[in-house]
Amino acid sequence: MSLFTPPVTFGLRPDLAIIATKVKVGSRVLDVGCGDGSLMEALKEQMGCDARGMELDPLGVAACVAKGLSVMQGDADTDLADYPDAAFDYAILSQTLQTTKRPDKVLDELLRVGRKAFVSFPNFAHWKVRASLLWNGRMPVTRLLPIAWYETPNIHHVTVRDFRELVADRGYRIEGQWFLSGDRQTSPAAANWRAEHAVFLLSR
Amino acid sequence: MAAAELNLVNDTLVLPAPLPLDGGQSLERVEIAYETIGTLNADRSNAILLFHALTMDQHVVSAHPKTGKPGWWSKSVGPGKVIDTSRFYVICANVLGGCMGSTGPASPHADGKPWGMRFPVITIRDMVRAQVALLDAMGIDKVHAVIGGSMGGMQALSFAANWPERTGAALVIASTARHSAQNIAFHEVGRQAIMADPKWEGGDYYGAGKGPEDGLAVARMAAHITYLSEAGLTDKFGRRLQDRSAKTFGFDADFQVESYLRHQGLSFTDRFDANSYLYITRAMDYFDLAEEHGGRLASAFATSKARFCLISFDTDWLYPTAESRTIAHALNASGAPVSFVELSAPFGHDSFLLDVPAQDRVIAGFLNQ
């Protein structure tokens, strides 16, 4: 059941569409792990943002530059250190937190360089994941986590509850949270069971 | 491709005013030899100033007059190519201190004899200043972009830092904001090889036949190694022997790599002036963009409104990725729109001149904004 369908998606992946519609017009944004730059492009074109990106894969950077975007090749784990404090209104980390070596430190860095941070990640406590683990006794391979354990880039699986606890431990505030099941938004109720994917907006 | 389609022009401009130099002197009647490809549009806004690397020249597309080889970036510059001259008007000038028509140590001094070592030591910024004067003479206030690889990248950085209002974009490939100790060291080997050649004659060898060709060839051989990657050399030559089945227990070029380097060295002397090599390598060694701007690289770009793009190559150990990253961070700190990418290519420093499709995508995307 969907409570709400974002009025605008800009043709983006659902978690990115949520972020794109929540960012304030004209803000300064750093998209960490910006991939081919589709979110940055929407933020720049549709929301008038000054969007900058960071991406590990050179092909991703090339795709971004070809779109006229300003993107630095870099690693979320190490290269956020090169940005000054509060350089951005928002730092965005979409579907990347679980691939970092130290998600806690990356989170600190996001909220150092950005006044606010959007973080989206696949929820490892979704019922399908739980069921897969419970019934098969194997690391789940699902729609959002499609790669076998030995080759997945997702080295730090995280659940909605884990993430909330990390945020509380670090003393950050949750300013907004959105949950997705399939391509649709779902209720925050029992999100740790029901959400395949979570999007959080955090501030210091 | 016919010259008409390319709209190719080779010309030489005599600068109307003396050119002031960083060393404190100024040069009268400076000649700048240049090539243009494409057509300057009515509002003079489609020019791209392309800067050449150490041993290249203005022959970007046209065949080299001495070697007959295709222009050094004819692969990438032309109608419908990565730098599309059906849209852009590309200008490339032989640098000050060069030996392909621009004023340099082989040019005549006021006394009618070649300058030789009387030529003033010049800097990268002096080279750029001469090319800004060329733009002035052409009536071009602002170029769409400046582009350069290696020493060309240093000029592009210098242009964007010192004439910030005169370009909308700067593309810097396989370059650096300052010469490292290792860079200077390799250049010094080359210079000493030239100056140790008895035929160098204190730089006064013009008209005396061959000049310090052996020294220049050795300089080129040493430098050439720095342009290639170890893996590239291994791939190309390994330990294979040159036209023989066994080692000769002598000092002939037993190995293919020796033969290749000797050929590179010798053929270089057919097209390059040894004194130019001294002066241009000196200019590169003196280059330190941060030093020119109070020791802080970000200050160099404080007033720039240009977009920047930096490309490095993972096998380039002459100007490794860290150098480009340093520049990118400085640009970020100064708030300039900057992209940086390290591309994977096996050819070492020379990758920027060779076939790297990812580079083509980045360049075309960056320019077509």
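Predicted model: local features only at pLDDT ≥ 70, side-chain atom pairs only at ≥ 80, totals over all residues.
Guide: Chain B has 12 helices and 12 strands.

Visitor: How many residues of each domain take part in the contact between domain 1 and domain 2 of chain B?

Guide: Domain 1 of chain B gives 25 residues and domain 2 of chain B gives 20 residues. A pair counts as a contact if the C-beta atoms lie within 7 Å. On the side of domain 1 that touches domain 2, the classes are 13 nonpolar, 10 polar and two charged residues.

Visitor: What makes chain B agree with a compact globule?

Guide: Its radius of gyration. A compact globule with 369 residues would have a value near 21 Å; chain B has 20 Å, so the two agree. Along the principal axes, the C-alpha trace spans about 65 × 50 × 50 Å.

Visitor: What share of chain B is called buried, and what is the test?

Guide: The test is 20 or more other C-beta atoms within 10 Å of the residue's own. Buried residues make up 51% of the 369 in chain B.

Visitor: Which residues have the most contacts inside the largest nonpolar core?

Guide: They are Ile48(B), Val90(B), Ala170(B) and Leu171(B), in a core of 171 residues. Helix H8 (residues 274-286) of chain B gives the largest share, eight residues.

Visitor: Why is this core said to lie between the domains of chain B?

Guide: Because domain 1 (3-178 + 288-367) and domain 2 (183-281) both give residues to this core.

Visitor: Which residues does Leu171(B) contact, leaving aside neighbours within four places in sequence?

Guide: Leu171(B) is in contact with Ala145(B), Ile147(B), Ala156(B), Cys309(B), Ile363(B) and Phe366(B). For chain B, take the contacts with a separation of 6 or more: residues 24 or more positions apart account for 71% of them.

Visitor: What makes up the side of chain B that touches chain A?

Guide: 19 residues of chain B are in contact with 16 residues of chain A. The elements of chain B giving two or more residues are helix H11 (321-333), strand E12 (338-343) and helix H12 (357-367). E12(B) gives the largest share, six residues. By class, this side has 11 nonpolar, six polar and two charged residues.

Visitor: What confidence does the predictor give the complex?

Guide: An ipTM of 0.82 and a pTM of 0.91. For chain B, the mean pLDDT is 95, and 99% of its residues reach 70 or more.

Technical notes:
Residues numbered from 1 in each chain as written. Chains lettered and ligands numbered in written order. pLDDT = per-residue confidence, 0-100. Contact = placed C-beta atoms within 7 Å. Helix = DSSP H or I, 4+ residues; strand = E, 2+ residues; numbered from the N terminus. Nonpolar A, V, L, I, M, F, W, Y, C, P; charged D, E, K, R; others polar. Core = buried A, V, L, I, M, F, W, Y, C linked by C-beta atoms within 7 Å. Buried ≥ 20, exposed ≤ 12 C-beta atoms within 10 Å, placed from the backbone. Domains from an automatic or database assignment. Rg over C-alpha atoms; globule rule 2.2 N^0.38 Å.
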